[in-house]
Amino acid sequence: MTKALLSGNEAIARGAYEAGVQVATGYPGTPSSEILETIASRYGDRIYAEWSTNEKVAMDTAAGAAYSGRRALVTTKQVGMNVLSDALLYTVYTGVEAGLVVVTADDPGMFSSQNEQDNRWYARLAKIPLLEPADSQEAKDFVVQAIGLSERFDTPVLIRTTMRTSHSKGVVLEGPRQDVPDEVGPFPRRQEKYVCTAMWAKKRHPVVEQRLVDLAKHAEELPLNRIEWGDRSIGIITSGITYAYAREVFPGASFLKLGMTFPLPHETIRAFADGVDRVVVIEELDPFLEEQIQAMGIPAAGKEIFPSCDELLPDTLAELAVGAGLLPSKAVGSPSRPEVPAELPPRIPVLCAGCPHRSSYYWLSQMKMPVAGDIGCYNLGCLPPFNAQHTMGCMGASIGVLHGMSIAGMPERAVATIGDSTFFHSGMPALVNMVHNRSRGVVLIMDNGTTAMTGHQDHPGTSWSLHEREAPHVEIEAVVRALGVEKVRTVDAFDVQQVKEGLDDCLAFDGPSVLIAKGLCAQLSKPKTAAYEVNADVCIACGTCFKLGCPAIVKSNEVVESTGRTKAAIDPTQCVGCDMCRQVCPVGAIRAPGAGSEEADG
Amino acid sequence: MKRLDFLIAGVGGQGTLLASDILAEVGMRAGYDAKKSDVLGLAIRGGSVLSHVRWGERVDSPVVRKGRMDVMLAFEPLEAMRGVGLMRPGGTIVCNTQPVVPISVTSGDATYPSRSEIEATLAATAGTVYHVDATSEAIRIGNAKVTNVIMLGAFSALLDVDRTIWEHVVLSRVPDAYVDLNRSAFRTGRSLIDGEDGR
């Protein structure tokens, strides 16, 4: 056994390796993405790993592999679970031939998500076992446990982490990989099990219910659920990362630490509750444990003290516990705690210098039309200086929302923005729908050649994949045409005027149109040239270049006296020479290094 | 076994995540239980990044409570200012003196604190403050990107951990082509506080 410092996500990847997993699928999404990336980079010789086009495809794929006798793992972020769930729910009825585990990484605190949904409910909805690791060691161990449970009880198993468990690092003892056969036999022709048509599914439903009863019994003897006796005046029931926080804040209390949080071990919970004066349930987000424990007739406190919003970090926990009289007031802070100086300059998120999305938002902000947005870096178009995005909900939503605006009879012309990976994920069905239902509006596909925001993963439009250096790729323009869109244009995103002409052309079309603004993500492209410069003698301080919202374009020290406005300068450490500012400057004041300043943009 | 809680404060792109990985692993190899957690701002690049690293007999929470950090390793002065609220009074700060000016300042909407303001704030919080010009040292030895390893080298002189553990962990986590540069960076950094010229 060797010791390693692993993040929760790396530990889950390690767990997949040790558990003999052979197929791993998913769609990128913070905070889950590193699981598959680690599997591919460290264990790619033993585990097939792929980024599927979306979470549902990933789940169907894993189901097919598990039916075929391969242990399989699927990863998703919390909102991806909504996409995945349709596929998960049938596997609950079918069961599996080999272990099938779904990992959902939830995001309390919404560090990179549109909501704070608590995916533990999915276990209850689906009627499948739920494991919640508290640290990296458990993250690894629980994958091995989950594969075991999956095969023993013939069910998919859900593992739920949170951003903190997934991204924190801790010490992990690594073990060997379980032996799994290299080959699989013929596919099982068990229609009564694997065909979920009503006549057979009706017979499977009682199997699902009995399985839950058996699992609840098993939960009583599972070492994942353990009692740690301490001071009996307070008994804390908790799970996942909140266990680590609560251990810190209540060092002397009694704990029931639940590793499997559905179905619950009722006898263990009763024994624990009987052994303490007061039961307190501490859990981030929803009262998932609390409501089940209260339904057992146990008077447990929970959400009345610890709210459903945001993370329950140790400081928050301590303050709330003191407020509720669970801890003495000295448990909060240190008396002479230094305060952060007020009003420090913020570091505001912006599109990177050299980002291809900049030209589109430059025009959309000036054209002032309603824009339905989608999930990705381009969501930064909703922030200053652009303020050019007016809705954003979930993956692929922008096209459907645009269609809704169209059929609602909205008098303005409108645009939907969507990224390349998001288009493949769930934009395509919505676009076909626009065609078939005679919609109107421009779908602007911002193709930067990667799934950028989650760390530059592949998608069907890229010429590489998670497991292959060279992979077949699908051209977006060809797909769009094949979907029946008549008006399609592709423009160079770094040619600012071309983007404007493309937008005007598509907006003039009476029907659904698609504009593809193509340009490689700035993080993947090498700097094109050395930094550009502003010729201060030519600059009239009109502010046009500032409208690009580029972090490399800064205010200089020079002010034009007649207007009181500040001239522009370029930060050479940030500029990558994308050329957009030179193109928009009306007086030719911006130049590439070595170029003359008099040439106006041609 | 003494518990030690560290804060690494910096800006995306400065290599703070690698530094916090290294610090946590050094703790593990020195025989501690170790955990770390990074708090990233919204920005992919250029945002504030705070990493908590903990060494101890047994570490539960990867997140440290406010006012309890023993040491802050600040890669950037403004981020050091932001981090002081997490420090325990009398702790130690090692601060790189080179600013990374945020867009809110370059756009003219905000003012970057003066050097004297920064020094006064840090001195009012900590028992000991080391101001080191790690960025200039990094550029001097060949690459601004090794600023993080210079900072770790400087800071390593303050801890009672065998230098060979430090060098092993640092060098195992950098690409082969950069091993010599990083060794040099670590030793340069160490000499900034140690006063023992890269021994």
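Modeller: Pro263(A) sits in the loop between β12 (260-262) and α11 (266-274) of chain A. Helices (H or I, at least four residues) and strands (E, at least two) are DSSP runs, numbered from the N terminus. The model is predicted, so local features need pLDDT of at least 70 and side-chain atom pairs count only at pLDDT 80 or more, while totals for chains, interfaces and linings use all residues. Residues are numbered from 1 along each chain as its sequence is written, and chains are lettered from A and ligands numbered from 1 in the order in which they are written.

Colleague: What makes the peptide bond from Phe262(A) to Pro263(A) cis?

Modeller: Its omega is near -15 degrees. The bond from Pro384(A) to Pro385(A) is also cis, with omega near 5 degrees. Most peptide bonds are trans.

Colleague: Why is Met110(A) called partly exposed?

Modeller: Met110(A) has 14 C-beta neighbours inside 10 Å. A residue is buried with 20 or more other C-beta atoms within 10 Å of its own, exposed with 12 or fewer, and partly exposed in between, the C-beta atoms being placed from the backbone. The value of 14 falls in between, and therefore Met110(A) counts as partly exposed. Met110(A) also has a positive phi of about 45 degrees, although it is not a glycine.

Colleague: What makes Asp579(A) partly exposed?

Modeller: Asp579(A) has 18 other C-beta atoms within 10 Å, and is therefore partly exposed. Its phi is positive, at about 85 degrees, although Asp579(A) is not a glycine. Most residues other than glycine have a negative phi.

Colleague: Why are β9 and β14 of chain A placed at the edges?

Modeller: The open sheet has the order β9-β11-β10-β13-β14 (chain A), with mixed pairing. β9 (226-228) and β14 (300-301) of chain A each have a single partner strand, so one side of each is left without a neighbour in the sheet.

Colleague: Why is the β-α-β unit of β2(A), helix α2 and β3(A) called right-handed?

Modeller: A crossover is right-handed if, with the strands pointing away from the viewer, the path from the first strand over the helix to the second runs clockwise. The unit of β2(A), α2 (residues 34-43) of chain A and β3(A) is right-handed. Strands β2 (residues 23-26) and β3 (residues 48-51) of chain A pair in the parallel sense over four bridges.

Conventions: Two strands pair if DSSP finds at least two bridges between them.
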